[in-house]
Amino acid sequence: MPQKIGLISDSHSYMDHTVLKYLQEVDEIWHAGDIGDLSVMEALPGGKVIRGVFGNIDNQAVQDKFPEWLEFEVEGVKVLMTHIGGKPPRYAKGVKDRIKKFKPQVFICGHSHICKVEFDQESNCLYMNPGAIGQQGFHPMRTMLMFDLELGKIQNLRVIELGRRGLV
C-alpha cells in the first residue's frame, strides 16, 4: 500500500482550508520549515504522521519541537530534509556533505518560496522544494507537493497550486 505524502513549506504562521483539504488525503505531512507559529502544526488534520524542521523565522518554541535536520526512511525511500538547502548544483553550506554522508534518494528544503523538483545527477538524488503555502514573501503562486511512496519509489508526483498569494 503506497504512503501518500503532502509536502509543504514556508507557512509563515498561515494555514487555510485549501491546504487542509489536500492534506486530508495523505498519510504523512512533511513541513520543510518557516512554520511561523505552532498553531499551524496543531491545525493539521489528525491521524497523520507529521514530520517537520524549523526554519530561519521560527522562534524557540518551534525550534524546541522540530529539529534543523531530519533524516528518515519511508517505504524504502531515504529522505534528508532541512529548511535552507540552496539548490543544485549550488547547495547551502554543509548540504553537499550531508547528502554524501546520508545518501538520500530525496533531498527536501524550503526557504526560496519557489517550487522546484529536479534530479541532481551529481548527488544522485531528487531535489524537492514545495514552494510556499503562506502569504508572506514574493512568490506569486502558493504551492505544495503531493506524491506517493511505494517500494522504494516516488510515484504520482504533482504540484498543487493553492491560489495566488494575497488572495484568500
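Two strands count as paired if DSSP finds at least two bridges between them, the strands themselves being DSSP runs (E, at least two residues) numbered from the N terminus. The model is predicted, so that local features need pLDDT of at least 70 and side-chain atom pairs count only at pLDDT 80 or more, while totals for chains, interfaces and linings use all residues. Residues are numbered from 1 along each chain as its sequence is written, and side-chain values use heavy atoms, with hydrogens and water left out.

Within an open sheet of 5 strands, ordered E4-E5-E8-E10-E9 with mixed pairing, strand E4 (69–74) and strand E9 (115–120) stand at the edges, and because each has a single partner strand, one side of each is left without a neighbour in the sheet. From one strand to the next the twist averages 15 degrees, with axes taken as lines fitted to C-alpha atoms and angles running from 0 to 180 degrees between N-to-C directions.

Strand E5 (residues 77–82) runs parallel to strand E8 (residues 106–108), to which 3 bridges join it; here Val79 has Val106 of E8 as its bridge partner. E9 and strand E10 (residues 125–130), by contrast, pair in the antiparallel sense over 6 bridges, and Cys115 has Pro130 of E10 as its bridge partner. The hairpin of E9 and E10 has 4 residues between the strands, and in this hairpin Asn124 takes a positive phi near 55 degrees.

With a disulfide defined as a pair of cysteine sulfur atoms within 2.5 Å, the count comes to 0 disulfides. Cys109 is in none, the nearest cysteine sulfur, that of Cys125, being 10 Å away. Cys109 is buried, with a relative accessible area of 0%, and Cys125 is likewise buried at 0%, where buried means under 20% relative accessible area, exposed over 50% and partly exposed in between (1.4 Å probe, protein chains only).
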